[in-house]
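Here are my notes for you to read alongside the model. Keep the structure open and find each residue as it comes up.

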Amino acid sequence: MLDNAELAKIAKKHNKSVAQVVLRWLIEQDIIVMPKTTRKERMVENISIFDFKLNESDKTAIARLDKGKSLFYDPQDTQRIKWFNSKEYDIIKL
């Protein structure tokens with residue numbers, strides 16, 4: 001998602017990062033977001049999304065990106081769900 005050309009174009013227009021555009025879009029959709037980071041500079045970036053608004057063309061372009069499929073994993077993929085619950089995944093998280 002963070003490498004998406006359309007999101008990059010919108011981010012450049014607003015002088016923001018792609019992550020900021022995504023966070024702003026979610027907020028404007030009344031979706032509660034809780035970005036995870038341990039880096040202070042990323043925390044500052046994550047909260048710096050209230051000094052711009054997406055216009056209708058931005059929102060339309062972002063909405064068109066929805067393919068009805070997770071970018072991270074398929075929740076119907078039972079093997080992946082088992083892996084998330086495995087010790088192997090616990091080791092990777094550390």
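1. Start with confidence. pLDDT is the predictor's confidence in each residue, on a scale from 0 to 100, and you need it here since this is a predicted model. The protein chain averages 86, with 86% of the residues scoring at least 70. Helix H1 (residues 5-14) has the highest confidence, at 96, whereas helix H6 (residues 87-93) has the lowest, at a mean of 56. Where pLDDT is low, the predicted coordinates should not be read in detail.

2. Next, the overall layout. How many helices and strands does the protein chain have? The count is six helices and zero strands, so reading from the N terminus you get α-α-α-α-α-α. Of the 94 residues, 21% count as buried. Look also at contacts between residues at least 6 apart in sequence: 59% of these join residues at least 24 apart.

3. Now find the largest nonpolar core. It has twelve residues in all: Leu 7, Ile 10, Ala 11, Val 18, Val 21, Val 22, Leu 23, Ile 49, Phe 52, Leu 54, Ala 61 and Ile 62. H1, H2 and H4 each supply at least two residues of this core. Which helix gives the most? That is H2, with four residues. As background, nonpolar side chains in soluble globular proteins tend to be buried together.

4. See how H1 and H2 meet. Their axes come within 8 Å and cross at roughly 90°. Angles from 65 to 115 degrees count as roughly perpendicular, and that is why H1 and H2 are described as roughly perpendicular to each other. On the H1 side, the contact is made by Leu 7, Ala 8, Ile 10 and Ala 11, and on the H2 side by Val 18, Val 21 and Val 22.

5. Ile 49 is a core member from a loop. This residue belongs to the largest nonpolar core, yet you will find Ile 49 in the loop between helix H3 (40-47) and H4. Is Ile 49 buried or exposed? Buried means under 20% relative accessible area, so Ile 49, at 3% relative accessibility, counts as buried. Not counting residues up to four places away in sequence, Ile 49 touches Gln 20, Leu 23, Arg 24 and Ile 27. Ile 49 and Val 21 are 28 residues apart in sequence, and their C-alpha atoms are 7.6 Å apart in space.

6. Gln 20 is in helix H2 (residues 18-28) and counts as buried because its relative accessibility is 8%. A polar atom of the Gln 20 side chain lies 2.8 Å from the backbone nitrogen of Ser 17. Leaving aside neighbours within four places in sequence, Gln 20 is in contact with Glu 45, Ser 48, Ile 49 and Phe 52.

7. Lys 59 lies in helix H4 (residues 56-64) and, at 24% relative accessibility, counts as partly exposed. Setting aside neighbours within four places in sequence, Lys 59 is in contact with Trp 25, Glu 28 and Leu 54. Lys 59 and Glu 28 are 31 residues apart in sequence, with 9.3 Å between their C-alpha atoms. Ala 61 is part of the largest nonpolar core, and its contacts, again leaving aside neighbours within four places in sequence, are with Glu 6 and Ile 10.

Conventions
Residues numbered from 1 in each chain as written. Predicted model: local features only at pLDDT ≥ 70, side-chain atom pairs only at ≥ 80, totals over all residues. Heavy atoms only, no water. Buried < 20%, exposed > 50% of the residue type's maximum accessible area, 1.4 Å probe, protein only. Polar contact = N/O pair within 3.5 Å; in protein donor to acceptor, adjacent residues only side chain to side chain. Contact = heavy atoms within 4.5 Å. Core = buried A, V, L, I, M, F, W, Y, C linked by side-chain atoms within 4.5 Å. Axes fitted to C-alpha atoms, helices over the stretch in contact; angles between N-to-C directions. Parallel < 35°, antiparallel > 145°, perpendicular 65-115°, else oblique.
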